[in-house]
Every structure is written in C-alpha cells, then in structure tokens.
Amino acid sequence: MPAHSNEVQPPHLIPIRTISPSHPQVPINTYPHSLTHHHHHIQWRLHRVPLSSSSLSPPLSLPSSSSRPPKLSPPPPRPSGPINITAILEKPGQFSFFIRLLNETQAGNQINNQVNNSHDGMTVFAPTDNAFNNLPSGTLNNLTDQQHVQLVLYHICPKYYSLDSLLTVSNPVRTQASGQDGGVFGLNFTGQGNQVNVSTGIVEVPLYNALRKDFPLAVYQVDKVLLPEEFYEAKAPAASPPAADGSSSPPPAMAVLKRRLQGILEVVQGG
C-alpha cells in the first residue's frame with residue numbers, strides 16, 4: 001500500500017481494485033500512476049476477455065452501383081433541316097393541286113430559298129384541293145400562263161405574319177404578285193379575337209388552321225382559292241387598225257374580256 005499524504009488526490013488517481021496476474025485470488029489496490037504498469041493490466045485484461053461474434057456489429061454494406069439506374073444525359077437536340085414548303089403541304093394530304101402549281105411555277109423553290117436565307121420570312125395561304133374543285137367551271141382554264149403564276153404568287157406574302165399580327169397590319173398587304181402588270185395584288189385582313197378573315201375583293205375566307213406558325217414561315221389553310229380582283233378588272237383595249245373597207249373590226253381582247261366577265265358572274269353566283 002502506498003503511503004498516504006495530506007495532499008488531496010486528483011480525481012483521476014482513485015485506486016482501482018483489480019486482480020494481480022501472478023496471484024489471481026488476491027485483490028490488490030493500484031494507482032494508475034505508472035503508464036507501464038497500467039498498460040500491463042489493460043493488456044492482460046484485454047487478452048483474458050473472450051470476444052463473441054454477437055458483440056460485433058455487422059459490416060456496412062454499400063449500395064451496389066448496378067442496383068441504381070445510371071443517370072443518362074439528354075441527347076443533344078438534332079439540328080433541324082432546311083424548311084421545305086412541299087413537305088409541309090404533303091403531310092396533311094389535301095394540298096396536291098396547290099403543290100403542283102408551286103412546282104410548275106417554281107414558286108416553291110422561291111419560298112424555300114427565302115425562308116432559309118433571309119430574315120423577313122414568308123407567309124403562305126394554301127388552298128385545299130376542295131377549294132380548287134369548288135371553283136366555277138372554266139375559271140383556271142380562262143387564265144393565261146402569266147396569270148397562273150400571278151395566282152400562285154398572290155397566295156404568298158414576302159414577310160412572316162402571325163395570326164395576331166394580321167389583325168393589326170395596314171391593308172392592303174403586299175403579296176409576291178404585287179406590282180405586276182401595274183396591279184396592287186394586295187390582301188385585306190379583318191377580324192377580332194382569334195378569328196382572322198382574308199379578303200381579295202372577290203372572295204373572303206377565314207383563317208383557322210395553321211399548318212405551320214413558327215418563324216420564318218407561316219402556312220395557313222384556306223378553303224377558297226384567293227382570286228385577285230385584278231383578274232376581273234376591265235382593261236382598256238388597245239386601238240385596232242381600221243379595216244380595209246374603213247370599218248373597224250372588234251378587237252380580239254373583247255372575247256377574253258367577255259370570258260372574264262362571265263367568270264366573275266359565276267364566282268359571285270357561286271359565292
């Protein structure tokens with residue numbers, strides 16, 4: 001037993017009652033003042049304490065990488081190809097006649113070139129096959145080759161227009177036919193809310209189905225062929241040379257004018 005002193009022992013020097021390894025039946029009191037002695041008892045006791053598997057914690061298991069679906073990055077957006085007016089009209093399947101006119105007059109190529117290479121865009125009003133079938137008999141046959149081209153160009157505006165912008169435009173709106181033969185060849189737009197109507201002075205039809213509405217090309221379905229007013233305006237015939245007998249023969253343009261007047265009467269009756 002160590003000698004006691006009058007000094008107060010620190011709390012950590014409290015005697016520990018343990019078993020001596022050399023005399024297992026004799027308890028002794030020791031102070032943990034000796035690191036070597038204290039380490040000796042700790043080592044002995046650790047070696048004497050049996051370990052059981054139940055006192056051990058089970059090993060931690062990490063989730064397998066195969067059990068979690070890998071994070072897939074979204075595929076990069078595919079670059080959109082050039083705009084093609086024919087492909088747009090072929091998809092619904094009811095614009096065969098207008099497609100044929102676009103190809104015959106080369107207006108389709110003109111549309112594709114402009115919308116893919118300019119900043120103004122274009123607007124196309126596409127008549128359905130039923131619109132052409134409902135034309136008065138002989139309407140297209142009475143047109144010249146130049147008028148066939150003008151008819152197609154009259155359905156194309158050299159600028160992109162949304163439906164909302166068509167309600168605020170200044171009438172008449174220019175078309176690709178404007179200025180030919182000194183004619184205006186313009187379109188007039190009226191309406192309110194979501195309803196927009198287009199008028200030529202001969203026909204009026206609502207726009208209600210946009211086949212394509214994103215810049216730079218807007219394509220609107222129309223259920224009537226847009227016949228320009230200029231086709232039915234009477235033009236002053238050219239003076240004909242007098243006949244040999246002094247009488248004047250009727251100019252050949254009169255026959256064409258009569259056919260056009262007959263055509264406008266049929267349009268009015270059919271409208």
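A residue counts as buried when its relative accessible area is under 20%, as exposed when that area is over 50%, and as partly exposed in between (1.4 Å probe, protein chains only). The model looked at here is predicted, so local features need pLDDT of at least 70 and side-chain atom pairs count only at pLDDT 80 or more, while totals for chains, interfaces and linings use all residues. Residues are numbered from 1 along each chain as its sequence is written, and side-chain values use heavy atoms, with hydrogens and water left out.

First, the overall picture. The protein chain has eight helices and nine strands; helices (H or I, at least four residues) and strands (E, at least two) are DSSP runs, numbered from the N terminus. Of its 271 residues, 31% are buried. Take the contacts (heavy atoms within 4.5 Å) with a separation of 6 or more: residues 24 or more positions apart make up 61% of them in the protein chain.

Now for strand β6. This strand covers residues 195–199, and four of its five residues are buried, so β6 is largely enclosed by the rest of the structure. Two strands pair if DSSP finds at least two bridges between them. On one hand, β6 runs antiparallel to β5 (residues 188–192), with five bridges joining the two. On the other, four bridges link β6 to β7 (residues 204–207), again antiparallel.

The turns come next. The β5–β6 hairpin has two residues between its strands, and G193 there takes a positive phi near 65°. Four residues sit between β6 and β7 in their hairpin, where G201 in the turn has a positive phi of about 95°.
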